[in-house]
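User: I'd like to learn how to read the features of a model like this one. Could you take me through it?

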Amino acid sequence: IVIWIVLGLVVLMGLAVFVGAPYVPSHRGEVRRAFTNLRPLTNKDVVVDLGSGDGIVLRQAVALGAARAIGYEINPLLVWLSLVISARYRAAISVRTANMWHIDPPEGVTLVYVFGVGRDMRRLAVLLDRWATQAGRDIECIIYGHEVPNATLVRQEGAHRLYRFIPLQQEEAQV
């Protein structure tokens, strides 16, 4: 039975890497600096973490003032772990098993956090442009580790970059 459990966990993790990105835990201090120095949070913020892993970004967002934090993670084992670790923030944090490429923006999203994977940056820009257009307002995104081509860079601090995605109708009107 133990062998089957281990094999099942290996298959789950392998599928998540094949479909999405490998699990690389974010460092609490770096996330805290991003949410204090790069883009301070307010009680009006709804933060979305795409590829939320163990939920450290969600917990930091709520602890630093966000009204809500929503995580999307493709690996059900990490979703479960995140929910267990984040239990004390249950009222403000939700985590869902989902492929980030196939979801619509949650109601009220103001800021998206992504631990970037270089191969996905163009696709991420298309996703966030669509989200801003669906929401009818700007959506900001903090990305760790990679640049997003053809996106509006607002600020950078260390490996974190803050981008702003503008609804397509507004962007076309500004041209």
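User: Let's begin with strand pairing: which residue stands opposite Gln 156 in S7?

Analyst: Two strands pair if DSSP finds at least two bridges between them, and the strands themselves (E, at least two residues), like helices (H or I, at least four), are DSSP runs numbered from the N terminus. Here Gln 156 stands opposite Arg 161 in S7. S6 and S7 run antiparallel, joined by five bridges. They form a hairpin with two residues between them, and Gly 158 in that turn has a positive phi of about 60 degrees. This is a predicted model, where local features need pLDDT of at least 70, side-chain atom pairs count only at pLDDT 80 or more, and totals for chains, interfaces and linings use all residues. Residues are numbered from 1 along each chain as its sequence is written, and side-chain values use heavy atoms, with hydrogens and water left out.

User: Which strand does S7 meet through six bridges?

Analyst: That is S5, which runs antiparallel to S7; Cys 141 stands opposite Tyr 163 in S7. S5 (residues 139-144) is also joined to S4, by five bridges, and these two run parallel. In that pairing, Phe 115 stands opposite Tyr 144.

User: In what order do the seven strands form the sheet?

Analyst: The order is S3-S2-S1-S4-S5-S7-S6, in an open sheet with mixed pairing. Strands S3 (93-97) and S6 (152-157) stand at the edges with a single partner strand each, so one side of each has no neighbour in the sheet. From one strand to the next, the twist averages 20 degrees; angles run from 0 to 180 degrees between N-to-C directions, with axes fitted to C-alpha atoms, for helices over the stretch in contact.

User: How do I read a helix that has a buried side? Which residues of H4 are buried?

Analyst: An α-helix has 3.6 residues a turn, so residues three or four places apart point the same way. Buried means under 20% relative accessible area, exposed over 50%, and partly exposed in between (1.4 Å probe, protein chains only). In H4, the buried residues are Leu 78, Val 79 and Ser 82. They cover an arc of only 105 degrees around the axis, so they lie on the same side of H4; the arc is that of the directions from the helix axis to the C-beta atoms. The buried residues of H4 pack against helix H3 (56-63), S2 and S3, where contact means heavy atoms within 4.5 Å. Ser 82 has a relative accessible area of 0%, and its contacts beyond four places in sequence include Gly 53, Leu 58 and Val 95.

User: And aromatic pairs: how many are there by the rule?

Analyst: A pair of aromatic rings is described by the distance of the centres and the angle of the planes. Rings of Phe, Tyr and Trp (its six-membered ring) pair if their centres lie within 6.5 Å; planes under 30 degrees apart count as stacked, over 60 as edge-to-face and the rest as tilted. The count here is two. One of them, Phe 35 with Tyr 113, is edge-to-face, at 6.0 Å centre to centre and 65 degrees between the planes. Phe 35 belongs to helix H2 (residues 28-38) and Tyr 113 to strand S4 (residues 111-115), so the pair ties together parts 78 residues apart in sequence. Phe 35 is buried at 1% relative accessibility, and Tyr 113 is buried at 2%.

User: Is Asn 150 buried or exposed?

Analyst: Asn 150 is exposed, at 81% relative accessibility. You'll find Asn 150 in the loop between S5 and S6, with a positive phi near 60 degrees in a residue other than glycine.
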